[in-house]
Amino acid sequence: ESYSMPAFAAELASLLQAIGVERAHIGGVSMGGLVSAQFAVDYPEMCESVLLCDTTCGNAAGEGPDRDWERTLVTGI
């Protein structure tokens, strides 16, 4: 639980609030993209824009062709 995307997004929100940033351009690469995507969902009012690079949408759980491909990437990496 301590290491989850919602926890990381909450930490980012806390950091931005602590330094007085109300809205920001949020971006992330790879795992940072997952954190940025979660942040955008959980704190849309704090996002001026969002940029995701070389990241995944976290579809490895469940069934279906998109999830099969994502699981292949996760397993392969």
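Two residues are in contact when heavy atoms of theirs lie within 4.5 Å. With neighbours within four places in sequence left aside, Phe 39 is in contact with Ala 9, Leu 12, Ala 13, Leu 16, Ile 26, Pro 44, Met 46 and Cys 47. This is a predicted model, in which local features need pLDDT of at least 70 and side-chain atom pairs count only at pLDDT 80 or more, while totals for chains, interfaces and linings use all residues. Residues are numbered from 1 along each chain as its sequence is written, and side-chain values use heavy atoms, with hydrogens and water left out.

**Overall architecture**

- The protein chain contains 3 helices and 2 strands; helices (H or I, at least four residues) and strands (E, at least two) are DSSP runs, numbered from the N terminus.
- The order of these elements from the N terminus on is α-β-α-β-α.
- Of the 77 residues of the protein chain, 17% count as buried; buried means under 20% relative accessible area, exposed over 50%, and partly exposed in between (1.4 Å probe, protein chains only).
- Among contacts in the protein chain with a separation of 6 or more, 43% come from residues 24 or more positions apart.
- The accessible surface of the protein chain is about 5300 Å², and carbon and sulfur atoms account for 59% of that surface; such areas come from the Shrake-Rupley method with a 1.4 Å probe, and for residues only the protein chains shown count as cover.

**The nonpolar core**

- A nonpolar core is a set of buried Ala, Val, Leu, Ile, Met, Phe, Trp, Tyr and Cys residues joined through side-chain atoms within 4.5 Å.
- The largest such core has 8 residues: Ala 9, Ala 13, Leu 16, Ala 24, Ile 26, Phe 39, Met 46 and Cys 47.
- At least two residues of this core come from each of α1 (5–18) and β1 (24–29), and α1 gives the most, with 3 residues.

**Helix α1**

- The 14 residues of α1 should span 20 Å at 1.5 Å a residue, and the end C-alpha atoms are 20 Å apart, which agrees; the expected span is 1.5 Å times one less than the number of residues.
- Ala 9, Ala 13 and Leu 16 are the buried residues in α1; they lie on the same side of α1 because they cover an arc of only 65° around the axis, the arc being that of the directions from the helix axis to the C-beta atoms.
- These buried residues of α1 pack against β1 and α2, whereas the face turned away from the buried side carries the exposed residues Glu 11 and Ala 18.
- Gly 20, which follows α1, has a positive phi near 80°.

**Helix α2**

- Gly 33, Val 35, Ser 36 and Phe 39 are buried in α2, and their arc of only 160° around the axis puts them on the same side of α2.
- The cover over the buried residues of α2 includes α1, β1 and β2 (47–53).
- Ser 36 counts as buried because its relative accessible area is 3%.
- Neighbours within four places in sequence aside, Ser 36 is in contact with Ile 26, Gly 27, Gly 28, Val 50 and Leu 52.

**Cysteines**

- Cys 47 is buried, at 9% relative accessibility, while Cys 53 is partly exposed, with a relative accessible area of 27%.
- The count of disulfides is 0, a disulfide being a pair of cysteine sulfur atoms within 2.5 Å.
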